[in-house]
Every structure is written in structure tokens, then in C-alpha cells.
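Notebook open, model loaded. I wanted to look up a pocket lining, a surface patch and some charged pairs.

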Amino acid sequence: MNKKMLAKFKKALLQKKVTTTNKLNSRKLVSGEHEVGDEADTATQNSEREMQFELDQISSIAIKEIDNALGKIENGTFGVCECCGEKISEARLNAIPWVRYCKECQEEADKNTK
């Protein structure tokens, strides 16, 4: 992959990291607020906190995956499938720049987790 393409992916990854981090931080600020109410309100708040926790976990995982992809750019392995070692298609990288596997290996991994 040429330097121009790597720079494009690095920029996209950094932008995604910033937006994901900002969303994560803004959710943490909102989740710090506590309201008082009846049992129904408390149940709703608990449900919202649980959903918030799950969203925070997903965002944290996404940030780690983005950091992993940025590290691959630095060490020259970006765009290479971690399973088979083949190049990941540019279309796939454009859709999900932090992707770790080529389409075929991802499909195989998905089959094995079901």
C-alpha cells in the first residue's frame, strides 16, 4: 500500500478515534447525573445505565481496535489479514479501516462462533 493511501487511512482512523472518544466521554458525563423518582423511574434509570455500560464497552473496544490499526500503519502491517496473511481489500478497509481479517477469514470466524 502506498504512503498516500496509508495517510488517508490514518486520518480516517484518527478521526474515528476522536469521535468515539468524545461520545464515550459525553456519555460518562451524562451518566453521572442521578434523578430521584418512583420505582418505575428507578427501573428505567437502571435499564438506561445498563445500556450505557454496554455502549461504553463497545466504544472502548472500538478505540482499542483503532489503536491496533494505527500501530499496524506504523509497523507496516496495515491491510494484511491477521489470519491468512493476505491483503485485505481496499473496499473492506474503506468500510472498516480497523478491520483485522479479510472477508473470507472473517466469514469463517463468524461461522465458528455460531
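I started with the lining of the second largest pocket: eight nonpolar, three polar and three charged residues. My classes: Ala, Val, Leu, Ile, Met, Phe, Trp, Tyr, Cys and Pro are nonpolar, Asp, Glu, Lys and Arg charged, and the others, Gly among them, polar. This is a predicted model, so I kept local features to pLDDT of at least 70 and side-chain atom pairs to pLDDT 80 or more, while totals for chains, interfaces and linings use all residues. Numbering runs from 1 along each chain as its sequence is written, and side-chain values use heavy atoms, without hydrogens and water.

I then looked up who sits nearest the pocket centre: Met1, Leu6, Phe78, Gly79 and Lys87, out of 14 lining residues. Helix 1 (3–31), helix 2 (39–75) and helix 3 (90–95) each give two or more residues to that lining. (Helices are DSSP runs of H or I, at least four residues, numbered from the N terminus.) The volume is about 200 Å³. For the record, a pocket here is an open set of points on a 1 Å grid over the protein atoms alone, where a 1.4 Å probe fits, with protein on both sides within 12 Å along at least five of seven lines; lining residues have an atom within 4 Å of a point. The volume is the space filled by probe spheres set on the points, which are joined across faces, edges and corners.

Next, charged pairs. I count seven salt bridges (a side-chain nitrogen of Lys or Arg within 4 Å of a carboxyl oxygen of Asp or Glu). One of them joins lysine 10 to glutamate 74 at 3.0 Å, N to O. Lysine 10 is in helix 1 and glutamate 74 in helix 2, so this pair ties together parts 64 residues apart in sequence. Lysine 10 is partly exposed at 32%, whereas glutamate 74 is exposed at 58% (buried is under 20% relative accessible area, exposed over 50%, partly exposed in between; 1.4 Å probe, protein chains only).

I also checked glutamate 65 with arginine 100, a salt bridge at 3.4 Å. Glutamate 65 is in helix 2, arginine 100 in the loop between helix 3 and helix 4 (103–112), 35 residues apart.

Is lysine 72 buried or exposed? I find lysine 72 buried, at 10%. Its salt bridge partner is glutamate 82, at 2.5 Å between the closest N and O atoms. Lysine 72 belongs to helix 2 and glutamate 82 to the loop between helix 2 and helix 3. Shared partners join Glu65, Lys72, Glu82 and Arg100 into one network.
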